[in-house]
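Q: Could you walk me through a few side chains in this one?

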Amino acid sequence: MDFKQVKENEEKAVLKNKNVVDSDFWRQKYHIQGIVGLINDPNGFSQFNGEYHMFYQWNPLSTEHKNKTWAHSKSHDLLHWERCETALRPDTWYSKNGVYSGSGIVIDGKLYLFYTGNVKDAEGNRESYQCIAVSEDGEHFDRWEPSIVNQPDGYTRHIRDPKIWEKDGKYYAVLGIQSEKLEGKVVLYSSENIKDWKFEGEIAGANHGKLKDFGFMWECPDYFQLKDEKTGKVVDLLVALPQGLEPQGDLYNNKYQTGYFFGKLDYEKPEFEISSEFVEIDRGHDFYAPQSMEDDKGRRIVVGWMGVPEDEDFPTVKNEWIHCLTLPRELKVRDGKLYQEPISEMVSIRGEKMEFEGFVKGEKEIGKGKTYELIAKFNDISSDFGLKLRVGKDSETVVKFDFEDKKLVLDRSCGAQADKSVRKVFLGDRKDLELRIFVDNSSVEIFVNNGEEVFSSRIFPSENADKIIVFAENETKVKLEKWEWQ
């Protein structure tokens with residue numbers, strides 16, 4: 001491979017495809033997306049020199065999962081993103097088949113990126129390298145030789161996606177890995193100097209501790225602590241992406257899953273002592289590989305990939321692009337439950353406001369819009385009710401509360417997306433329900449009851465589909481506030 005051609009090929013692909021990508025009416029207004037080609041996992045999410053930095057997996061050459069680089073954008077408010085020069089390309093011997101996912105950390109005024117270099121030989125045999133790149137200005141990176149070469153004993157070469165943090169002057173990283181028995185695991189490494197890393201041990205995974213069979217690979221692990229706003233207790237969370245779980249009713253309906261455990265990380269054993277069930281972070285069709293960071297306001301902010309591996313049948317492919325990232329969310333714990341709330345900055349893009357308040361029985365059109373925020377409050381619930389969004393020719397996205405089953409249902413079956421399946425979550429008996437919904441040109445994100453549950457899904461309505469309809473089987477009290485995005 002001629003490493004010198006990597007950047008040239010990227011620039012040629014952007015020049016060739018940018019106009020057709022820009023002309024697509026499904027391009028997002030307030031979501032990070034690739035200028036062309038495919039993007040997936042958010043990487044290196046960090047705050048440096050007063051700006052938020054987001055790196056993300058990007059294939060500029062096609063909409064396939066190949067040729068992975070780290071694209072780079074920065075922002076002052078997490079909403080308006082400036083595209084920067086590509087940070088990392090597969091132009092070294094230890095990353096020639098892709099610069100895979102990882103994380104970022106600021107140390108002594110420098111931004112460090114910790115990532116996986118992927119290498120394959122002619123027969124497809126894999127080698128994995130955990131590598132570091134460092135920058136003094138947040139945009140130009142010097143790359144170091146690999147810090148971790150391949151895997152410890154007892155595991156396959158599927159080891160990747162380091163998430164790094166500092167504790168008591170020492171650095172730690174969790175990585176996703178696969179055992180020789182083809183079980184998904186998370187392992188812990190430590191370092192005194194950021195460059196040299198020591199394998200500490202396996203802390204969680206399938207057939208480990210309380211868990212039985214639980215997937216053949218765990219990707220993109222994340223570890224952090226949050227203070228429970230009700231009890232005041234500091235709790236540990238381990239986020240994991242187990243691949244290979246079978247659907248169980250309304251659970252695990254995506255190709256691969258994203259969720260978390262509560263527990264306690266014992267650095268000495270080492271062991272993440274799980275104290276909860278595995279809980280899916282997002283109930284929608286398109287959510288994977290979330291990465292979190294703590295900003296200078298003390299907020300734990302998370303962004304996910306609005307997609308799932310191996311689900312690539314999207315109508316935007318014909319226009320030479322696919323996928324985006326979610327809107328940023330703030331994570332909080334209340335009384336032992338993880339909540340996700342839209343970041344406070346979302347109110348800054350509110351434009352013209354529309355309001356409706358009254359009783360609804362049957363269907364009622366209450367407005368129009370393609371990119372907006374909508375807050376809907378339903379009271380005195382006694383039947384099925386909900387909203388129809390982006391309604392038009394062969395298009396509607398339905399958010400419905402099934403009164404008998406006590407479930408919230410997201411139905412995107414009427415649109416250009418190939419996957420017509422629905423997603424559901426059990427909410428229990430409800431007299432009142434509040435939904436805060438963000439609709440972009442090709443996505444919907446639904447926050448239920450202050451972030452108790454969240455649905456994130458791509459939608460692909462017809463270009464002029466813009467009606468908003470509220471409906472209820474029995475007379476239901478409804479209050480709506482809608483802001484068009486500026």
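A: What follows is a short exchange about one serine and some salt bridges in a predicted model.

Q: Where does Ser442 sit?
A: Ser442 is in the loop that runs between β30 (432-440) and β31 (443-448).

Q: Is Ser442 buried or exposed?
A: Ser442 is buried, because its relative accessibility is 0%, and the cut-off for that class is under 20%.

Q: And what does its side chain reach?
A: The Ser442 side chain reaches the backbone oxygen of Trp26 at 2.8 Å. Beyond the neighbours within four places in sequence, Ser442 has contacts that include Trp26, Gln28, Trp321 and Arg458.

Q: Switching topic, how many salt bridges are there?
A: The count comes to 45 salt bridges, and one network of them links Lys7, Glu10, Glu85 and Arg89.

Q: What about Lys18 and Asp22, how far apart are the closest N and O atoms?
A: The closest N and O atoms of that Lys18 and Asp22 salt bridge are 2.6 Å apart, and both residues belong to helix α1 (residues 5-22), where they are four residues apart, about one turn of the helix. Lys18 is partly exposed at 31% relative accessibility, and Asp22 is partly exposed at 42%.

Q: Which parts does the pair Lys297 and Glu345 tie together?
A: Their side chains form a salt bridge at 3.6 Å, N to O. Lys297 is in the loop between β19 (288-294) and β20 (300-305), and Glu345 is in the loop between β23 (337-342) and β24 (350-368), so the pair ties together parts 48 residues apart in sequence.

Q: Buried or exposed, for Glu345?
A: Glu345 counts as buried at 11% relative accessibility, whereas Lys297 is exposed with a relative accessible area of 55%.

How values were computed
Residues numbered from 1 in each chain as written. Predicted model: local features only at pLDDT ≥ 70, side-chain atom pairs only at ≥ 80, totals over all residues. Heavy atoms only, no water. Helix = DSSP H or I, 4+ residues; strand = E, 2+ residues; numbered from the N terminus. Buried < 20%, exposed > 50% of the residue type's maximum accessible area, 1.4 Å probe, protein only. Polar contact = N/O pair within 3.5 Å; in protein donor to acceptor, adjacent residues only side chain to side chain. Contact = heavy atoms within 4.5 Å. Salt bridge = Lys/Arg side-chain N within 4 Å of Asp/Glu carboxyl O.
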